[in-house]
Amino acid sequence: MLVAASPQRAEPTSAHRARRRGLALHLCLLAAVLVAFVALSQPGNGYSSDEGASMAQARLLVEHGSWHYEYPLSWLDDARSASPFVRGDAGSNGLAPYAKHPLYPVLLSLAGGGTWGAMLLSVAGTVLAALTAALLARRFTDDPLAPVLALWATGVATPLLFDSALALAHSLAAAAVGVMVLLALRSLASGSRQWPALLGAAAAGLVASMLRTEAVLVVAVVAVVAVPVLRTRWSVVVAAALGAAGLVAVLVDRAAVRAIVGTPLVTPANTVTSGLQGRWDGFYVTWLSSSYQPRTSGGTGLWVALAVVAVGGVLLRRGRIGQVSYAAATVLATVLYLGRVLSDAPGAVPGLLLTVPVLWAMAWFVSRRGRNREWVVAALACGGGALAVLLTQYSIGGGVEWGGRYFALLLPVAVPVVVAGALPRLRATLTDRRLRLVVCSSAVVVTALVGTLALSTLRQSHERTADLAAHIAAVATDPRGGEPGSRPVVVTSNRLLPQILHPELDRYRWVAADEADIAGYMAQLADADVPQVVLVAPGAEPMGAALDGWTIRSVDLSSAYDIVVLDRKAS
């Protein structure tokens, strides 16, 4: 059954202050853990090309006060197709690396436009998201463990841990969504019309929607579900305010993009599959996929682990197995996750469910019995928001991602929903203190294993890209002695490589083209008397040997891509 909306709790001032101090201490510890995680990941180059686009845009704003990227090889035929920003925002005014949500690069520029400025923004977003999760958990239940558990689960047991080390807006958008839901529920509490909370919720929804496209869907879903659940006139006012915030964000973004790039030009889009097949493909990638590589026994083990704890949870709830059996199931699941870490090379886990094993295990104990209407609003918002994203996302998901990145902004709301909904039944079911300790220890260990896998994945990616950048720098000499405009020319068949190596963007003149088009661009470079080119691509040596007008000077096969230096043949 449902109970009324959260009443105002009569709590002694000293106890209230003690809880606030305790939560503040946990927040500080979480921030320290996240900063350490980021530092150990060795940030620098991009994990994904989207990071490179946002960082390049921020540097343009900081260093030149401009949104537009001036391509140094603009004299090439079809220069736009060779530009480093194949999916940049292009228009009649020029090309902006990242203007579709201009608020984020503006924030990056205010943070200095550097790597650690971006990282600290992401860390701050995760910390704020964890705080809102804790405060939401406090609204959903009187259990004193719930806020602390929700805080740490959000910060280290969800993909927001991984997002803390990315120059992307996911953690900031998640924090904004959490603030929006928290303030909206506060405004709706006990039927009181709290205008400051409502205005704060609308502002948070506006910010979230200006940071991420999927946030617009979530804001709309929250507005829709609040009315039928709460059934008050004030809930209609709140819904209208949130809906207006999302609409204003869309209009402001569109106006800003048009002001920056002018009349938009069509840019290449991600490959998508339409219809039911496309929806299934997207769901599989973002919720269930264990790797982008061929399936391994370690990856299969993650699925088995989730199945074990799901079956164990259902049977324990129904009294079909005892606490010992369930504790054994959690230990087995932990061992299977350990097997993935030890047996397979580091690599992204795209599926959301596989990156949140603790929340998955708790979800099987969730019950709405005794939950207030605020909890129901939040639960429906999570379900509706997830469905809306599934119906609109690319069939390939979010590209190279960890844990379904388009769903990250729902986590500060989903975590307290699961924690508050599961704790009462978990306390009633796991009564043996020693077995409860076994289950809790398994949860801590599996969280550490997922975090270790996330860290090793980031670190390996950063090390490989840094190694590739160093190998390119070692051979990319300036053949014209430093004359103006004589930066080395680097040609690559990976069209996203210049964005991934974004610190090197202005060091070279890049030609990023499809392999089939490289010969044409090389002929243009030869005709323009460019004396030397560095070719970076898989199979670059035979590719370079087949090019007319060029001769191979050196070959380096020791990095992630083959690196071949080509000299123009004397005419």
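Predicted model: local features only at pLDDT ≥ 70, side-chain atom pairs only at ≥ 80, totals over all residues.
Which residues of α8 are buried? Residues are numbered from 1 along each chain as its sequence is written, and side-chain values use heavy atoms, with hydrogens and water left out.

**Entry on α8**

I found that the buried residues of α8 are A197, L198, A201, A202, A204, G205, A208, S209, M210 and L211, where buried means under 20% relative accessible area, exposed over 50%, and partly exposed in between, with a 1.4 Å probe and protein chains only. I looked up what covers them, and the list includes α3 (103-110), α7 (170-188), α9 (213-230) and α10 (233-261), contact being heavy atoms within 4.5 Å. Helices (H or I, at least four residues) and strands (E, at least two) are DSSP runs, numbered from the N terminus.

**Entry on the sheet**

I traced an open sheet of five strands in the order β6-β5-β7-β9-β8, with mixed pairing; its edge strands are β6 (509-512) and β8, each of which pairs on one side only. Two strands pair if DSSP finds at least two bridges between them. I noted one partner here, D567 in β9 for T551.

**Entry on α18 and α20**

I then saw that α18 (residues 433-475) lies across β5, β7 (532-537), β8 and β9, at about 20° to β9, whereas α20 (residues 515-527) lies across β5, β6, β7, β8 and β9, at about 165° to β5. These angles run from 0 to 180 degrees between N-to-C directions, with axes fitted as lines to C-alpha atoms, for helices over the stretch in contact.

**Entry on cysteines**

I searched the whole structure for disulfides and found zero, a disulfide being a pair of cysteine sulfur atoms within 2.5 Å. Is C28 buried or exposed? I recorded C28 as exposed because its relative accessibility is 55%, whereas C382 counts as buried because its relative accessible area is 12%.
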